[in-house]
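Work through the exercises below with the sequence and the structure at hand. Try each task before reading its solution.

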Amino acid sequence: MTYENKKRAVLLLIALAVVAWIAVDAAAGGAQYWARVWLRLPLLLTGSGSGWPITGGFILNILLSIASMAVATALGTVMGLATLAKSPIIRLPSFFIMNFLRNSPWLVLLFAMLYILPFEMKVFGLVIPFPPFVKAVIGLALPTAANFSEVIRGAVQSIHSGQWEASRSLGYTQMQIYRYVILPQAFRRMIPGWMNLYALLMIATALATVTGIQDVLTILNTSLAMESDRVIVYFYLTILFLFFAYCYPIAIFARRLENAVKGDNL
Amino acid sequence: MFGLDYSWLSDPAYQQWLLKGILNTIELAALSSCAAVIIGLVGALALTLRIFWLDAIVELFVEVFRNTPPLLQMLFAYFTLSTLGLKVTDPSTGLSVPLLSAFACASISLSLFGGALAIEAFRSGIETMPRSIIEAARSLGYSRWSRFWKVEAPIAARICLPALTNILTNLFKTTSQASVITVPELMYYAGQIYNDTFRTLEVMILVLLIYVSLVSIVTFAMARLERWMAFPGYGKGH
């Protein structure tokens, strides 16, 4: 057996041992606790006891992460390219904002957004409401955008300077160089970073409970209020497993892409 | 300015709270950073031994702690470790009390979370070590031990430093989540202050600024360290 296969076999053994341990524990009286978890599982996943309609729960965390990632990608691209700008009037402020957002804790930023953003905003007679969900999306998108702009910067800077020189000597303008030469190559290199960032964001959605949306932690806390001490352990293990099961495959896939991209350094 | 009211800041009681919060935050961050670096070193060294079962265990540890929210890890430690048996009987009252305080739970779970990140960072640092330098050291006749101390370790330390900066700042920022399990750090006292004064916006802006300045100090110090440690002809040393 190769080294990797041996390692995989051990990991499989550990997984089997965990399953066996759960079975033994269930036989020794843990089954009634698991039954409580099973009863609450639709609520934890979708926010409603019967599993439909979706009003919260873990699925809301996923939706929140997708919405935040979309905002963060758009914002981060602008910020990342702004930090690469030649003009210091654009570069320095965006550098400052990026570092500010990167250095602030996610939880504190989320809290701050909760109070800084108004309840609703009137733009030309159009009322834009800011429900907690939107505040959570913005609060999580800001630090993610700052991190993503760093990913973009890194990817653009990793492109060999010969590419710049070659395209400049061919008479491309700055915009054309970015559009036709640099970004297509940089794009490939930023995908693993982007995916890692998404996994990080998904993990951070657990913080959104402070905004009061019905996310998995909020529901967990309300349903734990009527459970015994012992059951709480099983509930927490279930939620930890949910996050792990969602984020681990993304991390694996990102690493595989990273290895695929590693080779094409000029 | 902007209609913000900071008159509460002149109250010595609130100043005391903020100061205590800042000190506790720094203590928590320092403690868990040290532990995380130690876990990272031990883990990364264990990986270099290339023992397949040890490798599997370390990888499992890293993946579990990296792919679950640190907030949940902290809550788990706080609410369930005592249920699982970590409790002592107080001799004076006869009641059973949790063995670990909220602070201990927070520092343990932050150490493990940071440790998992550190193992991963150190591992990839060792992996990107230039093979040619190691081969050169070998051909010069260095023994295994002196090669490690005189060639590999100095280079690996410098390669890993930027990643270490990320981990330290990440841990520092994550300490704010310990407020959820009532650890009296900065974020916790912020909550106390705005419960008292109802100046939520002002308190949050101030706390955000404090955190950003503290983290910036860490980043700045690490950048200085990186420059100080750099040697000519390699990385940032020119």
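**Exercise 1.** In this predicted model, state which residues of chain A the UniProt annotation "domain: ABC transmembrane type-1" covers, and describe the chain there by its helix and strand content.

Solution. The annotation comes from an unreviewed UniProt entry and covers residues 58–245 of chain A. Over residues 58–245, chain A is 77% helix and 4% strand.

**Exercise 2.** Describe the side of chain A that touches chain B.

Solution. Begin with the residue counts: 34 residues of chain A are in contact with 34 residues of chain B. Next, list the elements of chain A that give two or more residues to this side: helices H1 (3–46), H3 (88–103), H4 (106–116), H7 (174–204) and H9 (229–262). Of these, H9(A) gives the most, with 12 residues. Last, sort the residues by class: 28 are nonpolar, two are polar and four are charged.

**Exercise 3.** How do helix H3 (residues 70–80) and helix H4 (residues 102–127) of chain B cross?

Solution. Two packed helices are described by the distance between their axes and the angle between them. The axes of H3(B) and H4(B) come within 9 Å and cross at roughly 140°. H3(B) is therefore oblique to H4(B), because angles count as roughly antiparallel when over 145 degrees. The crossing is right-handed. On H3(B), the contact is made by B:Pro70, B:Gln73, B:Met74, B:Ala77 and B:Tyr78. H4(B) contributes residues including B:Ala102, B:Cys105 and B:Phe113. By class, this contact has 10 nonpolar, two polar and no charged residues.

Definitions and conventions
Residues are numbered from 1 along each chain as its sequence is written. Chains are lettered from A and ligands numbered from 1 in the order in which they are written. This is a predicted model: local features need pLDDT of at least 70, side-chain atom pairs count only at pLDDT 80 or more; totals for chains, interfaces and linings use all residues. Two residues are in contact if their C-beta atoms, placed from the backbone, lie within 7 Å. Ala, Val, Leu, Ile, Met, Phe, Trp, Tyr, Cys and Pro count as nonpolar, Asp, Glu, Lys and Arg as charged, and the others, Gly among them, as polar. UniProt positions are given in the numbering used here, feature names are shortened, and annotations may be inferred rather than shown by experiment. Axes are lines fitted to C-alpha atoms, for helices over the stretch in contact, and angles run from 0 to 180 degrees between N-to-C directions. Angles under 35 degrees count as roughly parallel, over 145 as roughly antiparallel, 65 to 115 as roughly perpendicular and the rest as oblique. A crossing is left-handed if the near helix is turned anticlockwise from the far one by less than a right angle, and right-handed if clockwise.
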